[in-house]
Every structure is written in C-alpha cells, then in structure tokens.
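Q: Could you take me through how the pieces of this model pack together?

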Amino acid sequence: MKHSFYKELTISSDQLLIPRTTYQRELNEKRVHRIAAQFDERIANEPKVSCRDGRYYVFDGQHTISARKLLNGGKDLPIRCKVFYGLTQEEEALLFAQQTGASAKLTAGARFRALVCGGDEDALAFLNATEDAGFCVDYQQTRGVQRLACISTAFRLYRRVGDEFYREAMGVLTDAWKGDPDSLRAETVRGVVEFVDLYHGEYKRRRLVTQLHLAAPIVIFREGRAMTNLPGYKRYLYQVYRIYNGSSARSALPMKF
C-alpha cells in the first residue's frame with residue numbers, strides 16, 4: 001500500500017458515499033437503531049473516509065453515519081470524519097476487510113468480497129479454483145445448489161492444502177454430488193479436502209467419486225457430528241475414509257489419523 005495521510009474534516013452527510021456495489025456491506029437497519037438508542041457523541045468514533053477523485057467514500061462507519069441522521073430526524077448533518085488521501089478503491093476494500101475493534105464484526109462473506117475487490121492474490125486464486133469446479137462463492141452465505149456458503153472454512157483449507165489439492169477435492173465433490181447443498185456443508189467440504197490431502201497419491205479418484213455418490217452427503221455431517229471418539233474435523237474425515245473403504249479389503253486404505 002502506497003503512502004497515504006489523513007486529516008480530520010467536517011463533511012455533510014449527503015456528501016459521504018457508501019460503495020455497496022463493490023466492497024461495502026448492506027445497511028443493517030436494526031443495527032442503526034441500536035446505535036442510535038445508545039449514541040453518545042462524546043465517545044463516538046469518527047467515520048473513516050477515503051477522498052478519491054474528489055469524492056468521499058466511507059470504508060468504516062456507515063452505520064454510525066446513519067444513526068446520526070436518524071437522531072437528526074432523518075436529515076443530513078455535518079459529521080466529523082477521519083479523511084484519508086492517496087488510497088485506491090482496492091486499498092479501501094482491503095482496509096474494510098481488516099476492520100477490528102468497535103466496528104460490527106464482518107461476516108465471512110463480506111470480508112471475502114472485500115478481499116476480492118481489493119485484489120488479494122489468495123482470495124482471487126481461491127475464487128477461481130472454486131468457480132472452475134462449478135461452484136458459486138455466495139457472499140450472502142445462503143445454502144443452495146452449487147452455492148458455497150462455508151467461505152471461511154473453504155478459504156482456510158485452500159490456503160493450508162494449496163491450489164492443486166483444493167482443486168482436486170472440489171472436483172471430487174462436483175463429480176460425486178453435482179452441487180447438492182448438503183455436499184457443500186462446511187463439515188462435508190472439510191472431510192473431503194482433508195481426505196484428499198492426507199491420502200493424495202494413495203487413493204483412487206474414481207473409487208472415491210463412486211463411493212461418495214452412493215452415499216447421501218448429509219450422512220457425513222450427521223454421523224460425523226454424532227461421533228465422540230474423534231476430535232473436531234477428524235470426525236468428518238473419518239466418514240469420508242469409511243465410505244471410501246466400504247467393504248473392500250483390497251481397496252481399503254490404512255487409517256493414518
């Protein structure tokens with residue numbers, strides 16, 4: 001990020017732009033009313049604004065701005081802002097994605113959308129790998145056919161196992177279940193990715209796809225959750241391992257976890 005500087009300015013709220021079509025999240029009216037009900041100007045944080053091309057873009061504080069307007073009868077008013085100069089839209093998006101502290105916690109979808117808008121290399125590579133497998137990364141995180149809602153889990157797995165193994169695992173998911181929403185639960189995705197990573201070079205892809213296809217994907221979630229003798233993700237890895245082995249002693253893989 002190139003050098004930037006800021007200064008505090010008082011700006012009319014009608015000049016403050018919210019870039020919702022790119023990296024900003026939608027306004028949460030309930031949060032606005034909650035902030036307004038507890039508002040105290042003495043401790044309120046200044047909205048953070050980027051002055052770009054002569055216009056003021058808010059990358060932190062849109063709900064506080066709306067709460068101030070609500071308390072002002074819905075009318076625009078002057079607001080003290082921390083104004084940054086020299087930022088690109090991509091840099092604004094990355095700063096938005098890094099919000100901490102008093103700001104409302106970003107959803108995984110909102111954070112990832114901002115990373116993509118900001119040109120984050122890992123986020124863009126993950127997006128491409130997921131879309132190449134036939135899935136849509138759903139920023140709203142609504143479950144549906146071919147819609148990947150478990151963004152945080154999948155992105156974390158991508159960065160850990162790498163592009164090759166992630167693509168291999170997502171291809172298996174596609175071929176086995178054709179985008180069934182239950183196959184895209186966080187637990188199922190993790191079970192398949194962990195299996196591919198652990199047994200890469202040992203398992204037979206065709207057998208894995210065939211065996212998974214014969215099983216309902218919800219089984220991995222339900223039976224994994226019911227297990228008590230294995231910790232965390234290993235419960236779901238075990239379900240994939242068990243399904244892969246089936247009753248075949250010849251094709252069975254050794255348990256390595």
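Q: What handedness does the crossing of H10 and H11 have?
A: The crossing of H10 and H11 is right-handed (left-handed if the near helix is turned anticlockwise from the far one by less than a right angle, right-handed if clockwise). This is a predicted model, in which local features need pLDDT of at least 70 and side-chain atom pairs count only at pLDDT 80 or more, while totals for chains, interfaces and linings use all residues. Residues are numbered from 1 along each chain as its sequence is written, and side-chain values use heavy atoms, with hydrogens and water left out.

Q: And which residues of H10 and H11 make the contact?
A: On the H10 side they are Val 219, Ile 220, Phe 221, Glu 223, Gly 224 and Arg 225, and from H11 come Arg 235, Tyr 236, Gln 239, Val 240, Arg 242 and Ile 243, where contact means heavy atoms within 4.5 Å. Sorted by class, the contact of H10 with H11 has six nonpolar, two polar and four charged residues (Ala, Val, Leu, Ile, Met, Phe, Trp, Tyr, Cys and Pro count as nonpolar, Asp, Glu, Lys and Arg as charged, and the others, Gly among them, as polar).

Q: At what angle do H10 and H11 pack?
A: Helix H10 (residues 217-226) and helix H11 (residues 234-245) pack at about 125 degrees, with their axes 8 Å apart. That makes H10 oblique to H11, since angles under 35 degrees count as roughly parallel, over 145 as roughly antiparallel, 65 to 115 as roughly perpendicular and the rest as oblique. Axes are lines fitted to C-alpha atoms, for helices over the stretch in contact, and angles run from 0 to 180 degrees between N-to-C directions.

Q: OK, switching to the sheet: what is the order of its five strands?
A: The sheet is open, with the order E1-E5-E3-E4-E2 and mixed pairing (two strands pair if DSSP finds at least two bridges between them). At the edges are strand E1 (5-12) and strand E2 (16-17), each of which pairs on one side only. Helices (H or I, at least four residues) and strands (E, at least two) are DSSP runs numbered from the N terminus.

Q: How many bridges join E3 to E4?
A: Five bridges join E3 to E4, and these strands run antiparallel, with Arg 52 standing opposite Arg 55 in E4. E3 and E4 form a hairpin with two residues between them, and Asp 53 in the turn has a positive phi of about 55 degrees.

Q: In which sense do E3 and E5 pair, parallel or antiparallel?
A: Strand E3 (residues 48-52) and strand E5 (residues 78-85) pair in the parallel sense over four bridges, and Ser 50 stands opposite Phe 84 in E5.

Q: Which strands does H2 lie across?
A: Helix H2 (residues 62-71) lies across E2, strand E4 (55-60) and E5, running at about 110 degrees to E4. Its buried residues are Gln 62, His 63, Thr 64, Ile 65, Ala 67 and Arg 68, where buried means under 20% relative accessible area, exposed over 50% and partly exposed in between (1.4 Å probe, protein chains only).

Q: What covers the buried residues of H2?
A: The cover includes E2, helix H1 (29-37), E4 and E5. E4 itself is mostly covered, with five of its six residues buried.
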